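Thanks for making time this morning. I would like to walk through one model with you, beginning with a term and then moving from the surface to the charged pairs.

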Amino acid sequence: VLLGVPFLVALASAIGGLIRGPHYTSRSSFAPQASDDRESRFLGLAAQFGLNLGRGTPTQSVDFYAELLKSQEVLRAAVLTRYRVVPQRRSADTVEGSLVDVYRVKGGTVEERVARATDVLADQISVKTDIKAGLVKVSTTTRWAGLAVHLNRRLLELVNDFNLRTQQTQAGQERAFVERRMQQAQSDLEAAEGELETFLRRNRRYQDSPQLVFEAARLQRRVDLRQQLYVSLAQSYEQARIQEVRNTPVITIIDRPEVSVRRSGGVVPAGALGLVIGLLLAGTWVFVEEHLTRERVEKPEEYREFQRLRHRGPRRRQ
């Protein structure tokens with residue numbers, strides 16, 4: 001048992017590794033860009049007008065990026081991207097096309113083939129997060145080293161494009177909101193200034209009356225408040241306009257996919273793994289058999305009772 005079982009398992013694993021062939025894994029990691037205080041200022045400004053816009057966008061969470069990488073939108077976009085890879089080293093032949101063509105996925109319709117290719121790609125992607133370091137680690141494993149690198153790089157591009165497009169959309173909505181509020185604030189400021197101007201024209205020597213001094217101070221405070229609000233809205237409006245057309249990356253790549261390509265699988269690694277598994281199975285088998293033999297010799301009556309109950313159990317269930 002100790003010789004035969006490990007040999008058979010190692011042989012089966014080696015044959016499976018030969019059929020499956022070697023695979024290559026490309027790894028990368030990135031950190032979400034730290035959010036600035038623009039969003040907090042906008043949320044605070046909206047709260048002044050009684051609007052509750054939530055706690056802000058979740059795109060700064062590494063868990064969000066992990067789920068985004070596994071989403072159907074990102075996977076489907078990666079599947080439909082055209083790639084050009086070399087199946088074997090030192091080969092002039094290349095394979096070009098989407099993953100549906102590269103994987104030679106079969107199906108009745110185009111959508112069915114794309115869906116199957118998306119399922120295959122989902123199995124080839126591994127995403128891990130490091131909460132303390134604020135990193136997202138992405139691994140892609142395929143039969144070809146070039147394809148693993150291309151896939152990993154494409155996933156990073158899709159995540160950046162999705163997040164950038166989301167931020168631009170939010171900035172556009174913010175700009176439209178602030179623009180409307182700025183127009184209203186400008187009207188309120190002009191109205192407050194008009195009231196103060198009218199008061200000063202009618203009361204040129206208001207300093208001699210305590211009541212008029214109080215009224216002048218009240219009107220001046222209203223003008224100052226309207227002016228501060230208008231200035232704040234104007235600053236937010238300009239920042240939103242800049243953010244709306246911003247196209248700089250929103251993730252910082254720490255490890256690039258081209259650097260860390262590792263080979264996995266093959267006949268020798270599969271056979272070695274099968275040998276280890278076979279030894280564990282054989283050792284467990286021998287241990288159980290030896291334990292039962294010892295119990296049969298040392299405690300024959302209890303062993304016979306154990307055998308009687310074991311054979312009796314199936315008949316009771318019947």
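This is a predicted model: local features need pLDDT of at least 70, side-chain atom pairs count only at pLDDT 80 or more; totals for chains, interfaces and linings use all residues.

Residues are numbered from 1 along each chain as its sequence is written, and side-chain values use heavy atoms, with hydrogens and water left out.

On confidence, pLDDT being the predictor's confidence in each residue, from 0 to 100, the protein chain has a mean of 79, and 80% of its residues reach 70 or more. The lowest confidence is in helix 2 (residues 38-48), at a mean of 52, and the highest is in helix 4 (residues 72-80), at 91. Over residues 51-59 the pLDDT is below 50, although this stretch has 17 contacts in the model beyond near neighbours in sequence, a contact being heavy atoms within 4.5 Å.

As for the overall make-up, the protein chain has 10 helices and six strands, where helices (H or I, at least four residues) and strands (E, at least two) are DSSP runs, numbered from the N terminus. Of its 318 residues, 32% count as buried. In helix 8 (residues 210-244), the buried residues include L219, V223 and Y237.

Now to the charged pairs: how many salt bridges does a search of the whole structure find? The search finds 12, a salt bridge being a side-chain nitrogen of Lys or Arg within 4 Å of a carboxyl oxygen of Asp or Glu. One of them joins the side chains of E73 and R165, at 3.5 Å from N to O, and this pair links distant parts of the chain, with E73 in helix 4 and R165 in helix 7 (residues 145-202), 92 residues apart. E73 counts as partly exposed because its relative accessibility is 49%, and R165 is likewise partly exposed, at 42%.

The side chains of E197 and R201 meet in another salt bridge, at 2.7 Å from N to O, and both residues lie in helix 7, four residues apart, about one turn of the helix. Here E197 is partly exposed, with a relative accessible area of 41%, whereas R201 counts as exposed, at 57%.

Methods
Buried means under 20% relative accessible area, exposed over 50%, partly exposed in between (1.4 Å probe, protein chains only).
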